[in-house]
Amino acid sequence: MEEATSFATYRGGETPPDMRLTILLVLVARRWRTILDEKLRPTGQSSARMEALSAILNSPDRSAQVEIAKRLRIEGPTLTRMIDTLEKDGLVTRMPDPADRRSKLLKLTQEGEETLHDIFNLADTYRARLLDGVPAEDKAAVSRFLTGLLDRLDTGLPGDDA
């Protein structure tokens, strides 16, 4: 007799509730990014550029590139390629860190702030449409829930040290 695993259940045509939750998390995030990217494309921007610019803006003055990558939960080389493009486009300045010559400090230029402002205006419109009619208490509960999941992922899942 086959053991009752999530695979066996899924193969049998059902989706276990915990699996369904994680699938829905991925699908919602993926679909939101796709829509946002479609709306930003005519402006020459993307959700990835918005995330990088936002992380730089919302960081302490002249944050280290490695810290921005950690905040975005991406690898350093991925952010380096993004920053190369943002710098070339005049949206970000990269300066040597006086405390660590190997590190670069990042800051938005005035044009970078203006671009991010425009991106936010567009994203706010679609975010409002997405969340229209969702009760504030539901949004707060989901936000708390997702923050808790992110904390668990960031600090290591139970049993990961085994």
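The model is predicted, so local features require pLDDT of at least 70 and side-chain atom pairs count only at pLDDT 80 or more, while totals for chains, interfaces and linings use all residues. Residues are numbered from 1 along each chain as its sequence is written, and side-chain values use heavy atoms, with hydrogens and water left out.

**First stop: α4 and α5**

Please select residues 65-72, helix α4, and residues 76-88, helix α5. Helices here are DSSP runs of H or I with at least four residues, and strands are runs of E with at least two, numbered from the N terminus. The two helices pack at an angle of about 110°, their axes 9 Å apart. That angle makes α4 roughly perpendicular to α5 (65 to 115 degrees). Next, display Gln 65, Ile 68, Ala 69 and Leu 72 of α4 together with Gly 76, Leu 79, Thr 80 and Ile 83 of α5, which make the contact (heavy atoms within 4.5 Å).

**Second stop: β2 and β3**

Now select strand β2, residues 92-97, and strand β3, residues 100-108. These strands run antiparallel and are joined by six bridges; strands pair if DSSP finds at least two bridges between them. A hairpin of two residues leads from β2 to β3. Within the pair, Pro 96 lies opposite Lys 104 of β3.

**Last stop: Leu 131**

Finally, select Leu 131, which belongs to helix α6, residues 110-131. Leu 131 is partly exposed, at a relative accessible area of 32% (buried is under 20%, exposed over 50%, partly exposed in between, with a 1.4 Å probe and protein chains only).

Conventions: Axes fitted to C-alpha atoms, helices over the stretch in contact; angles between N-to-C directions. Parallel < 35°, antiparallel > 145°, perpendicular 65-115°, else oblique.
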